[in-house]
Amino acid sequence: MQRFWDDPVSWEAAGRYALVALALLAVVIVFVTYAIYFERKVIGWMQFRQGPNRTGPLGLLQTVADVAKLLVKEDTIPAKADKALFVLAPALAFIPSFTVLAVIPYGLNLPFADLNVGFLYYVALSGVTTIAIVIAGWASNNKYALLGGMRSAAQMISYEVPLVLSVVGVAMLTESLNLRDIVLRQEGYFWHWNVFPQIIGFAVFVVAAVSELNRTPFDLPEAESELVAGYHVEYSGFRFAFFMLAEYVYIYAIACLTTILFLGGWNAPFPQLDFIPGLVWFAFKFALIVFSLFWIRATLPRLRVDQLMGLAWKALLPLALANILLTALGIEWLG
Amino acid sequence: MGVIRTEELLLNVGPQHPSTHGVFRIIVKLDGEIITEATPVMGYLHRGTEKLAESLNYTQIIPYTDRMDYVSAMTNNYVLVHAVEKMMGLTVPERAEFLRLIVMELQRIASHLVWWGTYLLDIGALSPFLYAFNDRERILQLFNELCGARLTYNYMRVGGVKWDAPEGWIDKVKDFVKSMYGKLDDYHALVSGNEIFLSRIKGVGAYDAETAIAYGLSGANLRSTGVKWDLRKNEPYSLYDRFEFDVPVGRNGDCYDRYVVRMEEIRQSLRILEQALEQFPPEGETMGKVPRVIRPPAGEIYVRIESPRGEIGCYIVSTGKAEPYRLKFRRPSFVNLQILPKLLVGESMTNLVTILGGIDIVLGEVDC
């Protein structure tokens with residue numbers, strides 16, 4: 001089958017690439033806009049509140065208005081900030097968050113880049129955002145921001161280890177790091193999905209992923225009650241918007257990744273449900289994970305910094321290693 | 001290369017910081033994230049209540065007490081009018097005394113709910129705050145019906161209360177008490193067993209009974225160490241000797257014990273309310289016989305009662321005039337706060353918030 005990324009290099013092919021990338025950007029921006037709206041609504045309902053309901057019908061334009069406000073705000077840079085780094089950090093945070101989306105396959109023929117090391121690509125690029133956060137914390141020349149940045153560095157580096165190791169089991173089962181192949185190997189129905197043989201890996205992955213996202217109960221880098229806003233305390237206007245955007249694009253990315261690695265991607269759970277297109281299944285599973293993230297936020301308190309490190313190194317890492325051993329034994333004995 | 005040079009970080013927390021519950025400021029020295037020294041700075045909300053009172057007559061002072069501990073205005077009202085009544089030897093009609101006791105216990109529940117919600121917010125859980133304020137709202141509605149105000153009630157007067165309970169009000173309070181029991185169970189189910197929450201507060205900010213007494217702590221801060229000291233029991237005022245209730249105490253004096261003690265106090269307040277509402281006299285005066293101008297005889301008096309935050313005291317020196325010569329409030333928030341620098345040394349920034357929240361201060365009362 002002819003796929004567009006197999007085309008020879010030409011202006012025409014490059015133009016097609018650019019168009020597809022722009023379309024994806026639009027999808028992601030719309031997702032972020034309505035994920036924020038959805039989050040505020042869901043948490044509002046969980047707390048006996050209405051959530052946004054004034055701007056536009058049902059408050060649907062709330063985020064649009066918020067973003068418009070951020071864009072027209074004065075661009076302030078603190079006098080003693082390191083200007084070059086201060087300006088660099090938001091872009092450095094956002095760019096990798098969008099680049100990782102290239103390897104996500106939404107359907108059988110819908111990846112933008114069919115990389116053999118898709119998962120590694122994801123992990124390697126998303127690590128750059130950590131650097132951006134440390135830079136932001138340092139460049140702001142603010143003590144709260146610095147503490148937030150340092151916490152963030154410690155946290156994200158610690159949790160990347162179990163995050164990657166938890167996926168090793170999946171790679172062993174599917175014999176691939178190509179995200180498209182991983183989904184193809186889960187073909188069949190829900191009993192073929194990785195979530196069941198890899199239940200330990202799944203649990204470790206989800207916990208580590210929530211932590212990578214800096215979300216409750218792991219939102220220490222921006223812990224409001226301690227650090228006011230953490231690393232982005234000095235940012236305002238569109239620079240702040242970029243950090244926000246990066247955060248929500250990562251939610252999008254992690255939800256996609258969880259769907260692909262553990263929940264069978266675009267596959268339907270039952271043979272009777274095969275008539276529903278794969279893209280819808282993908283969107284459904286994706287939405288389920290996004291909802292769970294919001295749900296956790298409305299439910300749990302925050303961990304302390306030392307407890308957070310303890311959890312990563314003393315609980316998640318051994319579990320992930322045990323999972324690799326168990327998977328290896330399983331493959332050896334059960335075939 | 002030698003050892004990398006490190007230095008302490010001087011961090012200014014507050015007065016505009018979300019977790020200082022107002023305009024409180026702490027200057028902390030940090031070694032990494034560990035606090036090596038903490039210096040509280042107070043006074044940003046000082047309004048000179050005590051000095052102002054010297055040029056006001058006693059009825060005019062009552063609204064000022066509303067604004068001290070604005071989360072628990074009713075108990076503040078009471079300590080002032082009670083002190084004046086004791087000085088003048090006035091008797092308060094039974095119905096008025098019942099109303100006072102009912103509003104004070106409702107206020108204790110409302111105040112503890114605010115504490116519960118904001119404490120969980122400090123620890124990072126968002127939802128309990130909204131739940132707590134939902135229930136507190138119902139109490140405020142009841143107060144609103146009773147005296148037309150939601151926060152600063154100006155409800156009590158020397159010799160009685162300003163407003164009688166409107167028709168059906170007692171039944172509404174009964175309904176509230178009944179449903180609040182269920183809510184309290186819900187809250188325990190939702191929060192009290194949460195692993196993250198427990199790991200955040202167990203063993204944090206602990207001190208023993210001797211230290212607590214040496215620092216003059218009172219209220220839940222004292223009882224969490226196991227000292228059974230509640231002025232409602234130990235020096236009964238109002239009608240508290242008529243009702244059955246327990247004084248919950250902790251054992252370890254840590255944030256967890258303070259949490260348990262306060263939550264249990266809500267239940268005990270509900271028990272008191274249940275009994276008080278049953279015995280509430282169906283009719284009677286709400287104002288006793290009080291001279292038109294209140295002039296306590298020359299002399300001095302110190303009266304103390306149990307506010308939600310601890311022992312609130314009122315010391316009056318009178319020269320027989322309509323204004324006090326000197327008025328002094330012993331504010332539990334202010335006294336309880338004194339132990340903070342001692343507790344903070346060696347703790348992390350995160351525990352600063354946990355410990356400060358656990359002491360339960362109201363800045364209006366700290367600065368007075």
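Leu58(A) is partly exposed, with 13 other C-beta atoms within 10 Å. On this scale a residue is buried if 20 or more other C-beta atoms lie within 10 Å of its own, exposed if 12 or fewer, and partly exposed in between, with C-beta atoms placed from the backbone. Leu58(A) sits in the loop between α1 (11-46) and α2 (62-72) of chain A. Its phi is near 60°, a positive value in a residue other than glycine. Most residues other than glycine have a negative phi.

A word on conventions before we go on. This is a predicted model, in which local features need pLDDT of at least 70, side-chain atom pairs count only at pLDDT 80 or more, and totals for chains, interfaces and linings use all residues. Residues are numbered from 1 along each chain as its sequence is written, while chains are lettered from A and ligands numbered from 1 in the order in which they are written.

Ser238(B) lies in the loop between α10 (231-234) and α11 (255-279) of chain B, and with 17 C-beta neighbours inside 10 Å it counts as partly exposed.

Let us now step back to chain A as a whole. It has 11 helices and 0 strands, where helices (H or I, at least four residues) and strands (E, at least two) are DSSP runs numbered from the N terminus. The radius of gyration of chain A, taken over C-alpha atoms, is 21 Å, close to the 20 Å that the globule rule (2.2 Å times the number of residues to the power 0.38) gives for 335 residues, so chain A is as compact as a globular protein of that length. Its C-alpha trace spans about 60 × 50 × 45 Å along the principal axes. Of the 335 residues in chain A, 44% are buried. Contacts here mean that the C-beta atoms of two residues, placed from the backbone, lie within 7 Å. Among contacts in chain A between residues at least 6 apart in sequence, 77% join residues at least 24 apart.

Which residues touch the most other members of the largest nonpolar core? They are Val249(A), Ile251(A), Ala253(A) and Ile102(B), in a core of 188 residues. Such a core is a set of buried Ala, Val, Leu, Ile, Met, Phe, Trp, Tyr and Cys residues joined through C-beta atoms within 7 Å. Helix α4 (residues 94-123) of chain B gives this core its largest share, 18 residues. Leaving aside neighbours within four places in sequence, Ile251(A) is in contact with Ala35(A), Leu213(A), Val290(A) and Leu293(A).

Where the chains meet, the contact takes 22 residues from chain A and 25 residues from chain B. On the side of chain A that touches chain B, α5 (143-174), α8 (224-227), α10 (278-299) and α11 (305-334) of chain A each supply at least two residues. The most comes from α8(A), with 3 residues. By class, this side of chain A has 11 nonpolar, 5 polar and 6 charged residues; Ala, Val, Leu, Ile, Met, Phe, Trp, Tyr, Cys and Pro count as nonpolar, Asp, Glu, Lys and Arg as charged, and the others, Gly among them, as polar.

Chain B also holds sheets. An open sheet of 3 strands has the order β1-β2-β3 in chain B, with antiparallel pairing; two strands pair if DSSP finds at least two bridges between them. Its edge strands, each pairing on one side only, are β1 (9-13) and β3 (34-41) of chain B. In this sheet, 5 bridges join β1(B) to strand β2 (residues 25-31) of chain B, and Leu11(B) stands opposite Val28(B) in β2(B).

An open sheet of 3 strands also has the order β6-β7-β8 in chain B, with antiparallel pairing. Here 9 bridges join β6(B) to strand β7 (residues 310-318) of chain B, with Gly313(B) in β7(B) as the bridge partner of Arg304(B). Between β7(B) and β8(B) there are 5 bridges, and the partner of Val317(B) in β8(B) is Arg326(B). The covered face of β8(B) has Leu327(B) and Phe329(B), while Arg326(B), Lys328(B) and Arg330(B) are on the uncovered one. In a regular strand the side chains alternate between the two faces of the sheet.
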